[in-house]
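Student: I would like a close look at a single part of this model. Please begin with a charge and a ring, and go on from there to the surroundings.

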Amino acid sequence: MPISRFPLDRQMDMMDCGPACLKMIAKYYGKFYSLQYMRDKCGITKEGVSFLDLSHASETIGLRTLSLKCTVEDLLHKIPLPAIVHWDNSHFVVVYKTRAKKGKELNQGTIYVADPAKGYVSYKAEEFASKTIKKTHNGEAEKLVLMAIEPQADFYERQTNEKLDKRKTFYNFLNYFRPYKKSFINLFVIMLLVTVLQGLLPFISKAVIDVGIQTHDINFINIVLIANIAIYLSILLSNMARDWILLHVTSRVNIALISDYLIKLMLLPITFFENKMTGDILQRAQDHERIRSFIMNNSLNMIFSTLTFLVFGAILLVYNTVIFWIFLVGSIIYVAWVMAFLKLRKKLDWEYFELVSKNQSYWVETIASIQDIKINNYEKPKRWKWEDIQARLYQVNLRVLSVTNTQNLGAQFIDNLKNLFITFFCAKAVINGEMTFGVMISTQFIIGMLNAPVVQFIQFIISFQFAQISFLRLNEIHQLEDETENVGTNPIDLPENKSLIINNLGFQYTPTSNPVLRGVRLIIPEGKVTAIVGDSGSGKSTLLKLLLRLYKPSYGDIKIGNMNVNNISLKQWRDKCGAVMQDGKIFNDTILNNVVLDDEKIDYGRLKKALDTANIAAEIEALPLGYQTMMGEQGRGLSGGQKQRILIARALYKNPDYLFFDEATNSLDTLNEKKIVDALDHVFKEKTVIVIAHRLSTIRKADQIVVMQGGTIVEMGNHQSLMAQKGKYFQLVQSQLEITETVETLN
C-alpha cells in the first residue's frame, strides 16, 4: 500500500540516479531494497542505466512500467504518478506530485520532484520543461520522456521471502484495486448516502397519504413534494459521482489486468506459443474482462444492494412482520430455483469458450493465409469450415437460451406469486383496519426496493461462477514455468574460451514424440564459421533454436567454454547473439525501427555498416521517406529478398559475439547473395558464426561443416575433406550440381 509521504533516497555515486529512483518508488509502494540490489537488477555500468534497464528491473520486482512521450501539460493533468523522468539529458528524477488549476496558464503549474542528487525540489512547469525537453535541429520542442510505474497484482506478495504460489486468486486480483483505496471509500460513502435517502421515500409516501390527504393540508403536501424533489436530485447527483469514480477506476484496472497478462505471456517460452491456439490466448484476455466486470460491477453493486436490503428489510419488519416473512420465504424459493441451473450453465460456458477460441483462431488463420486460399480456390471449403463452427455456436447459444428462458419463466412465476400474496395480505389488512392505506402504498414501494437486491444477488452468483471459470483458465497460464526460471538472472563475466560445446544433446517436443535430436556432440570453435547442412527434417533449425535457448534440451547440455549456458541470464545471452531465422518477421513500423529495434541511442556508423553489408542501404535511401518509410504488417510492401536483407541488417546491427543464420539467403537472387556472402566474410572475422544453408555454394569457405541426418551428426570436416570422403555431404553437393546443370541446359 502506498505510504502517505513520498520517500527520498540519495544516490551514492554519479550513475546511481536510476537505481535510486526505482528504490524510492518501490519504497513508496511498501517494498524496501538496498541500493546495491537495485544496481544489480538494473545492470548498471559506467554509463549508468537506460529506461530499458529500469523497466527490466521494475518488472523483476513486480512493478509495471509504461514509457511515454508527453507534454508538460499532460504530466500536470493526465499521467499517473509517481513517474521517472529523464532530467537534463543526463539524470533521472522522480515526479511524485503535480499541482495545476484549471484555466491557469502552463507556467503557473507546480511539479514536485524527488531528486536523488538534490532531495525534494519543486519547479514551475515552465522551468521544469526547460530542464527536461530539448530542442530539435529545427528548433521545435521535443516531448518529455518519462516512465510511469505502478505495482503488478503480485507485488505485495513478492515482498516476502516465501516462494509464491503462482495460481491467481481473488485476493491477487483485489490487489489491482489497492491503489484506489480512497476512491472506494468515497464510493462506499456515496452508496450509503443514496441508500439512506431512498430509505426516507416510503415514510414520505406514507405521510402524504395518511397526513396530507387525510387532513387536506395542501401546504404540508407542497413541503413534502419539495423534500421529495430534493431527495431525488441528491440521488441523481450521487449516482453521477458514483459512475464517474467507477469509470475512472475501471479504465485503469482494465489496462493493468491486460498489461500483466501480456507481461506473463512475454515471459513464457516459445514452445507455449507454438502449442497454443491463437484464439485461446486472445480469449484469455477476455477472461480478464469478466473478472474485472465481476469485481467492479457485480461486487460493488452487491455491496450497494446489501445496504439497500438491510435498510428496507428493517423498515418492512417494523411496518409488518408477516409481510416480511412472506417476502423472505418467497425470495429464498426464488433464489433456490435460479441456482438449480448454475451447474448446467457452467458446462455450457466451458463449451462456449472452446468454440469462441476456435472461431477466433479461424479468423486469424484465414486472414494470414488469404493468399494461399485464393491461389488454390479454397474459399468455399474454408467458408464451410467457418459455417460448421457457427452451427455449433448456434447450438450452444440455443441451449443457453433455453436454460435462460426456463430459469427466467420459473423465477418470474415465483416472484409474481410472492408479490400477489403480499398484495392480498395488505388489501385484507386495510379492509380490516389493521393497516392504513398509506402504509399499504409504502409497503409496495419497499417490496419494489427489496426485489432489486434479490435480483442483484442472483446476478452476483452467476457472475461469480463465470469469473471463477475465468480464474481457472487464467491459472493455466500463470502456473506455467517462465522462460527465465531455473536459469541465471544476473549478468556475469563469460569465460575466456567462448567456444560452444554441445554435449550429448537431445530434444523432443513431447515425451511421446520421436526425438528431433539424438545425442549430438559438437564443438563450435570461437571466432570460426561453422556450417550445418542436411536434408529437411534432419534437426538443423532445432539445434539452432537450442543454441539460442528458445527451446530447453530434453537431455544433455550446452556450454560456453567450461560454463553451462544456463548460468547466463537469457537477456545477457541474447544480447550477445544475432540471428536471422528462416521465418523472421518484419514489424509494422519504420524501416529504421525494424533494424535498430529498441535501441535508445542509435549508432549510425554501425547502422550504415550493417545496411551496406546486407546490400540494402541504396534501396532504402531511394524511397521517398527513406529510413522512416513505414512497413505494412508482416513487411507488406517489401519483396522477400528485401525482407531477408533487413533481417540480416537487424542481426548485424547488434554487433553480437555470436551470429546465427538459418537459411538467411534463401530468398535472395544469385547476384545479391554473392554480394552479401562476400561482405559477410569480413564481418565473420573474430565472430563465432553458425550457418544453416541449403545452397551449399554459400558455405564452401566455412571452417567447419557439420552434416546432419535424422537428428544426429553423420559427418564433420571442411569442404575439401568431406568431398574426399564421398559420403552424405558429397551426395548433397552432387545433387545440387545436377539440378544446376539441368536448369542451365533448359535455359
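Over which ring does the charged end of Arg5 sit, and how far is it from the ring centre?

Tutor: The ring is that of Tyr120, and the charged end of Arg5 is 4.4 Å from its centre. A charge sits over a ring if NZ of Lys or CZ of Arg is within 6 Å of the ring centre and within 35 degrees of the ring normal. This is a predicted model, in which local features need pLDDT of at least 70 and side-chain atom pairs count only at pLDDT 80 or more, while totals for chains, interfaces and linings use all residues. Residues are numbered from 1 along each chain as its sequence is written, and side-chain values use heavy atoms, with hydrogens and water left out.

Tyr120 also belongs to an aromatic cluster, together with Phe6, Tyr28, Tyr29, Tyr96, Tyr112 and Phe155. Rings of Phe, Tyr and Trp (its six-membered ring) pair if their centres lie within 6.5 Å; planes under 30 degrees apart count as stacked, over 60 as edge-to-face and the rest as tilted. By this rule there are 17 aromatic pairs. In one of them, Tyr123 and Phe128, the ring centres are 6.5 Å apart and the planes stand at 55°, so the pair is tilted. Tyr123, at 6% relative accessibility, is buried (under 20% relative accessible area; exposed is over 50%, partly exposed in between, with a 1.4 Å probe and protein chains only). Phe128 is buried as well, at 0%.

Next comes the sheet. Helices (H or I, at least four residues) and strands (E, at least two) are DSSP runs, numbered from the N terminus, and two strands pair if DSSP finds at least two bridges between them. The sheet is open, with six antiparallel strands in the order β1-β6-β2-β3-β4-β5. β1 (63-70) and β5 (119-124) are at the edges with a single partner strand each, so one side of each has no neighbour in the sheet. Neighbouring strands are turned by 35° against each other on average, direction ignored. Angles run from 0 to 180 degrees between N-to-C directions, with axes fitted to C-alpha atoms, for helices over the stretch in contact.

The partner of β5 is β4 (residues 110-115), and these two pair in the antiparallel sense over six bridges. Asp115 stands opposite Gly119 in β5. Helix α5 (residues 125-132) packs on the sheet and touches β2, β3, β4, β5 and β6 (contact means heavy atoms within 4.5 Å). The direction of α5 makes about 110° with that of β5.
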